[in-house]
Amino acid sequence: MLQRCKQFLNTKGQILLPIITLLCLAGFIGSYLFPNEVLDTYAVNATEEEGDTQQIHWLLSADDEVEYRMKTDGRTMKGIQIGISLPEAVPANTNLSYRLYKEGALLYEGAYDLSTCLDGQYPYLPFEGADASGELRIVFSCSAASESGTQVGIFCNHKTDPDGETVIAGEPSDLALKVYYIYSHDTYPFLYDARVLTFLFFAASCVADLSFLKKKKEEREPGEEDKREKKHLSPDPKAIVRWALIVLCTGLLAVCLDVIFFNLHSLSGTYETELTAETFSMEDSYVYLSDQEMYELEVAQENERIMAEYEGRTYEEVLPEGYEKRDGKIAKKCKAYELTYELPEARYIRKLAFYAPVTDAAGISVDLFSDGEKVADGMYCSVSPALGAGVMNVGKSGDRVTIGFLASDEIKEEDIRLAVSNKLRIEPVRVLFFFTCLFCLCLLFVRRDKEGARKPEWIFAISAFLCGGILILGIGTNQVGFDEYVHAKAAYALSFGSTIETTEAAMEMGGNLLPYYNNPEERDLVYAYLDEMNDPNVIAPNISHQSRLPRTETRVYYPMAAGFYVGRMLHLSFADMVALAKFGNLICYIAIVCFAIKLAEAYPLVVMAIGLLPNNIFIASELSYDALVTSCLLLGYVLLLNEFLQPNRRLRPWRLAAMLFVFEVGCLSKPVYIFMACMLVFLPKHKFKNRLSEVLCKLAVVAFAGMMLYNIFRPTPVSGGDYQLVSNVIYSGDKRSVGTSTMGQIEYIMHNAVAYASLLLKEMFSMLGDYVLPYSKTLGVGGIGYVNYAYLGAAPFLVNYLMIAVGICTALTSDIRKRTKEAVGLAGLTKAQKALTHLMNFGVAAVVFTSMYVSYNAVGADTILGVQGRYFIPLFLPFLSTLFGCRQIGNEKVRQYIERGCVIVMIGLNLYMTWSMVVTAMNV
């Protein structure tokens, strides 16, 4: 069936390409003619300043009115949202009435049925058809259908807005309504896709051969082999039984290993005891902010200054409440407690749990004594304000515990609890880790049939799924990936339609505020807390709106959004819903890389090794679009490389369309990589049917890449409350860093081209030295571990050399020459093609550095910050492809040993990283 589909697409299906091109062109034009109107939400007085609290103004009768005076930013308002408090059941037909005035004239009058409103909700009150621009007055009142005495409250605070004023009983009030202005603007949701796909299918149409009706069946293009459908192979019953026994035995052995390594002390006796403090003391103290906390404070102040400038306010730099300057540094005031606990007898303490009602992050340090001698000291544990608790791994025997407790709150002695325990606990994450180790060994060394031996994609799929599964279950809701909270927020929103219901747990996830856990006991507390925060009956979710047609850049989140959607439909716990979203990302990554391995007939081990990089498995197991970027660019370059390695095979239209489409998906969120697809411009002329076809196709490829790059500088209008700010080039730039300005940085580069070129080269070669050279104090470079799990840490530097060795070995063992002898048409790259490949790699790397300099670094900075090694993973295959055919290992047995050794190294390194940074760090 698959072969028949391929045959249809390569013959009669080619007539579809010009038709699809015309349809895309029509969509390109139609996107301008029929825009999509979306709402923008702007918060005004929606949050409280330090020391302020939310107020409620009650509308006690139909005669009570609240007037809100404001002026717009020049655009026409579509409506407004105000917060409603409903302490009692509301009878039907109880309405919140609102009247809109402009220059004394009534523009619009409307009502909202409060019986459909939830307590704490911000309902949308539209101004349908009214010219709501300029200076406006909005009068709110409550009209009850019956004399029920229903009280309706409106949320207020004391924050002032220079363009708004609240009037109560005819007099200006010191209270200010908490409101959201609703504007609108036009978006063009299909514009980006239509214009890019127009050139994509036009390029494919240029190489289509529409004379297929005249082509005889016996004729074949040079290098084209006669492929027939393989006969269906029925599964071997003995193999099924063998692997079932292997799974069962490895599972039982994994449980035994967990008991031996982690529960041996619990076999002699388990207990859990709550202790009472023998001594208690408290005094005032302070702690200095860390460098990271100082940087975050500086970024927050800079962003507040920018917003004040944008809104026309005067910015005054003030320290947050509870902070002060001491000796030229910023410190946070706190309370220092000392507590001592006595155990009834000397016991082995496996876990120590400390409970205290804190409102800010706190921490304890623990010293353990036995017979008056200190047996352990300096053990530290954080106390989460969300959990009011912290659990520590001790693993020592003792009879007395001394605790130093630092917190910003004044806490009574009776509100502090301490519990010690030595309970047996079989941890699923550890069991899964041991199972993965054992099963992967079986996968590589247990005898397989010949057909299975030719399928490295299955080895990759199984090992990647198991290793990724450990990461997903072991890391859980801990946000340890680069910018994971940003991706989590976008994927969560995409899982809804036009109305987003953001629970408190989802808000904390999007704000990078989820409680962190360090062991299974803390994980149980965190998950219970998140389930409570995810319950809409406990805290009402925030309601917001978005376009049903998502922005093109956000479509990379579909695999994760699908997991959020399914988890919500199945009413799973919040942690399980997050895990399902991560599994959606992992499965998508595995499927794409498996396809790439299968298509890389002459070099599958190279693709497999890149797919098994611990960096790649980690990002595929987190909430991040980088997994889709990496996998799609890997598949796209495999398709492109196959065209270079098979010079005698004619370029097929659907193969070209698939290649460009995969590149487009991979570059949706990071368009700078589209230069990789431009290698198609250097395909030899005999890959095309004639000179005109070649020229038109290559021009279309250049236009295709140009359209994707054009969107960086002239993005299609987006939806969201930050539309006006995002669209303003003055304020563009990454606001996680201080002093950024995209246009300002571009102007700086244009006026200092030579100086920037020198800086760029210095930074590029310095980073290269950091990853390939051991640390040199004289040169100031080297010694940075490339293989890493983001914020969890990196592998030792020597692993860099191990990865380089694996890459070279897999490239040299590729059977390019062998397949050439079999007349498949494969050949190594020519010297000119290798030179172009290295030039492309250098160019893409330079563009990556430049893009970070423009968006992330302060204007005129003398360094380029923010560039990470993971950004260059898509360039690994192009670089290694230049080694294909350089050397060939003639001994087939030796080559097989090398291949197996490389696979063992890649899987082993994943397991080592997971063991050291996840299993023993969060699950013991």
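Trainee: Which residue is the bridge partner of Glu324 in S18?
Mentor: The partner of Glu324 in S18 is Ala331. Strand S17 (residues 323-326) and strand S18 (residues 329-355) pair in the antiparallel sense over four bridges, where two strands are said to pair if DSSP finds at least two bridges between them. Helices (H or I, at least four residues) and strands (E, at least two) are DSSP runs, numbered from the N terminus.

Trainee: Before we go on, what sort of model is this?
Mentor: This is a predicted model, in which local features need pLDDT of at least 70 and side-chain atom pairs count only at pLDDT 80 or more, while totals for chains, interfaces and linings use all residues. Residues are numbered from 1 along each chain as its sequence is written, and side-chain values use heavy atoms, with hydrogens and water left out.

Trainee: Back to the hairpin of S17 and S18, then: which residue takes a positive phi?
Mentor: That residue is Asp327, whose phi is near 55°, in a hairpin with two residues between the strands. Most residues other than glycine have a negative phi. Glu103 also has a positive phi, of about 55°, although it is not a glycine, and Ala169, again a residue other than glycine, has a positive value near 55°.

Trainee: Where are Glu103 and Ala169 found?
Mentor: Glu103 is in the loop between S6 and S7, whereas Ala169 lies in the loop between strand S11 (164-168) and S12.

Trainee: And is Glu103 buried or exposed?
Mentor: Glu103 counts as exposed because its relative accessibility is 78%, given that buried means under 20% relative accessible area, exposed over 50%, and partly exposed in between (1.4 Å probe, protein chains only). Ala169 is exposed as well, with a relative accessible area of 71%.

Trainee: How many bridges join S6 to S9?
Mentor: Seven bridges join strand S6 (residues 95-102) to strand S9 (residues 135-143), and the two run antiparallel. Arg99 has Val139 in S9 as its bridge partner, and Tyr98 stands opposite Phe140 in S9. Strand S3 (residues 65-71) likewise pairs with S9 in the antiparallel sense over seven bridges, with Arg69 opposite Arg137 in S9.

Trainee: What about the open sheet of four strands, what order does that have?
Mentor: Its order is S1-S14-S4-S8, with antiparallel pairing, and its edge strands are S1 (36-44) and S8 (124-126), each pairing on one side only. S1 and strand S14 (residues 179-187) pair over nine bridges in the antiparallel sense, and Leu39 stands opposite Ser184 in S14.

Trainee: Switching to helices, how far apart are the end C-alpha atoms of helix H3?
Mentor: The end C-alpha atoms of helix H3 (residues 191-206) are 23 Å apart, which agrees with the 22 Å that its 16 residues should span at 1.5 Å a residue; the expected span is 1.5 Å times one less than the number of residues. Because 14 of the 16 residues of H3 are buried, the helix is largely enclosed by the rest of the structure.

Trainee: Which residues touch the most other members of the largest nonpolar core?
Mentor: Phe460, Tyr603 and Tyr673 do, out of 183 residues in that core, a nonpolar core being a set of buried Ala, Val, Leu, Ile, Met, Phe, Trp, Tyr and Cys residues joined through side-chain atoms within 4.5 Å. A second, separate core of 36 residues includes Val44, Leu114, Leu125 and Ile168.

Trainee: And what is Phe460 in contact with?
Mentor: Leaving aside neighbours within four places in sequence, the contacts of Phe460 (heavy atoms within 4.5 Å) include Tyr589, Ile597, Met608 and Leu612.
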